[in-house]
Amino acid sequence: MIDKLSPTPLYVQVADDVQRQIEAGALEENRPVPSENYMVQTYEVSRGTIRRAVDELRRRGLVFTVPQRGTYVTPKP
């Protein structure tokens, strides 16, 4: 899952793992991504790392955020 000794930043590793889940269909289009709290516990990283990972996923166009609602998987075109 996450290799804390890897030269790849933790947030990139988290983003890559979530991207794999989206591509595999484990996280469905227009459905929420797991909460920050869930990901902090699952990946055993800080909330800041999770926020950077979500920002990275947003930059990749894989998720979108609705203010005060959450972050969701972007529908495929």
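At a relative accessibility of 58%, E44 counts as exposed (exposed means over 50% relative accessible area, buried under 20%, and partly exposed in between, with a 1.4 Å probe and protein chains only). The model is predicted, so local features need pLDDT of at least 70 and side-chain atom pairs count only at pLDDT 80 or more, while totals for chains, interfaces and linings use all residues. Residues are numbered from 1 along each chain as its sequence is written, and side-chain values use heavy atoms, with hydrogens and water left out.

E44 is placed in the loop between α2 and α3 (helices are DSSP runs of H or I with at least four residues, strands are runs of E with at least two, and both are numbered from the N terminus). The phi angle of E44 is near 55 degrees, a positive value in a residue other than glycine. Most residues other than glycine have a negative phi. N30 also has a positive phi without being glycine, with a value near 60 degrees. This residue, N30, belongs to the loop between α1 and α2. With a relative accessible area of 45%, N30 is partly exposed. A further positive phi, near 80 degrees, is found in G61, which follows α3.

The largest nonpolar core contains 19 residues (a nonpolar core is a set of buried Ala, Val, Leu, Ile, Met, Phe, Trp, Tyr and Cys residues joined through side-chain atoms within 4.5 Å). V14, V18, I22, Y43 and I50 have the most contacts inside this core. At least two core residues come from each of α1 (10-24), α2 (36-43) and α3 (47-59). The helix that gives the most is α1, with six residues.

Y43, one of the core residues with the most contacts, touches M1, I2, K4, V14, D17, V18, Q21 and I50 when residues up to four places away in sequence are not counted (contact means heavy atoms within 4.5 Å). Among these partners is Q21, a residue of helix α1. Q21 is partly exposed, at 25% relative accessibility. The side chains of Q21 and Y43 are joined by a polar contact of 3.3 Å (a polar contact is a pair of N or O atoms within 3.5 Å; within protein, one must be able to donate a hydrogen and the other to accept it, and residues adjacent in sequence count only if both atoms are side-chain atoms). Besides Y43, Q21 touches A26 and L27, again not counting residues up to four places away in sequence.

Helix α3 has 13 residues, which at 1.5 Å a residue should span 18 Å (the expected span is 1.5 Å times one less than the number of residues). The end C-alpha atoms of α3 are 18 Å apart, which agrees. The buried residues in α3 are T49, I50, A53, V54, E56 and L57. Seen down the helix axis, the buried residues of α3 fall within an arc of 155 degrees, so they line one face of the helix (the arc is that of the directions from the helix axis to the C-beta atoms). These buried residues pack against α1, α2 and the strands β1 (63-66) and β2 (70-73).

E56 lies in α3 and is buried, with a relative accessible area of 12%. Not counting residues up to four places away in sequence, E56 touches Y11 and A15. The side chain of E56 also forms a salt bridge with R59, at 2.5 Å from N to O (a salt bridge is a side-chain nitrogen of Lys or Arg within 4 Å of a carboxyl oxygen of Asp or Glu). R59 and E56 are three residues apart in α3 and are therefore separated by about one helical turn. Whereas E56 is buried, R59 is exposed, with a relative accessible area of 61%. A salt bridge of 3.0 Å, N to O, joins E56 to R60, which is partly exposed at 26% relative accessibility. D16, E56, R59 and R60 are linked in a network of salt bridges.

D55 is partly exposed at 41% relative accessibility, and R58 is partly exposed with a relative accessible area of 35%. The whole structure contains seven salt bridges.
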